[in-house]
Amino acid sequence: NRYQMGKISERGAYQELSRHIRRFVYTVSGIKVHNYTLEEIGRVNMPNLYYLIAECYTPEFAANGRGDVSQSIRKAREVIEGWN
């Protein structure tokens, strides 16, 4: 909502999305992925986490990202809702 209202940038939205995803994974698995690089995330054998964070990476670190925040949030919700 804050992104859609113009209160945060696309980059900020992706940074927050990445933080929420990482916090969720830590809460449900105990794996401290908070500061993992994408390569390190790839080694924990959680493909859904890897793909979500990979999608966030470019817009999260670029000055002018080219992501689709709404679509990325939808994907994150689907993964979180289906997490077992």
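Modeller: A crossing is left-handed if the near helix is turned anticlockwise from the far one by less than a right angle, and right-handed if clockwise. Our model is predicted, with pLDDT of at least 70 needed for local features and 80 or more for side-chain atom pairs, while totals for chains, interfaces and linings use all residues. Residues are numbered from 1 along each chain as written, and side-chain values use heavy atoms, without hydrogens and water.

Biologist: Is the crossing of H3 and H4 left-handed or right-handed?

Modeller: Helices here are DSSP runs (H or I, at least four residues), numbered from the N terminus. H3 covers residues 47–61 and H4 residues 69–81, and their axes (lines fitted to C-alpha atoms over the stretch in contact) come within 10 Å. The crossing of H3 and H4 is left-handed.

Biologist: At roughly what angle do the axes of H3 and H4 cross?

Modeller: Angles run from 0 to 180 degrees between N-to-C directions. H3 is roughly antiparallel to H4 (over 145 degrees), because their axes cross at roughly 165 degrees.

Biologist: Which residues of H3 make the contact with H4?

Modeller: Contact means heavy atoms within 4.5 Å. On the H4 side, Gln-71, Ser-72, Lys-75, Ala-76 and Val-79 take part. Their partners in H3 are Asn-48, Leu-52 and Glu-55.

Biologist: How do H1 and H3 run relative to each other?

Modeller: H1 passes H3 in a left-handed crossing. The axes of H1 and H3 come within 8 Å and cross at roughly 155 degrees. H1 and H3 are therefore roughly antiparallel.

How values were computed:
Helices (H or I, at least four residues) and strands (E, at least two) are DSSP runs, numbered from the N terminus. Angles under 35 degrees count as roughly parallel, over 145 as roughly antiparallel, 65 to 115 as roughly perpendicular and the rest as oblique.
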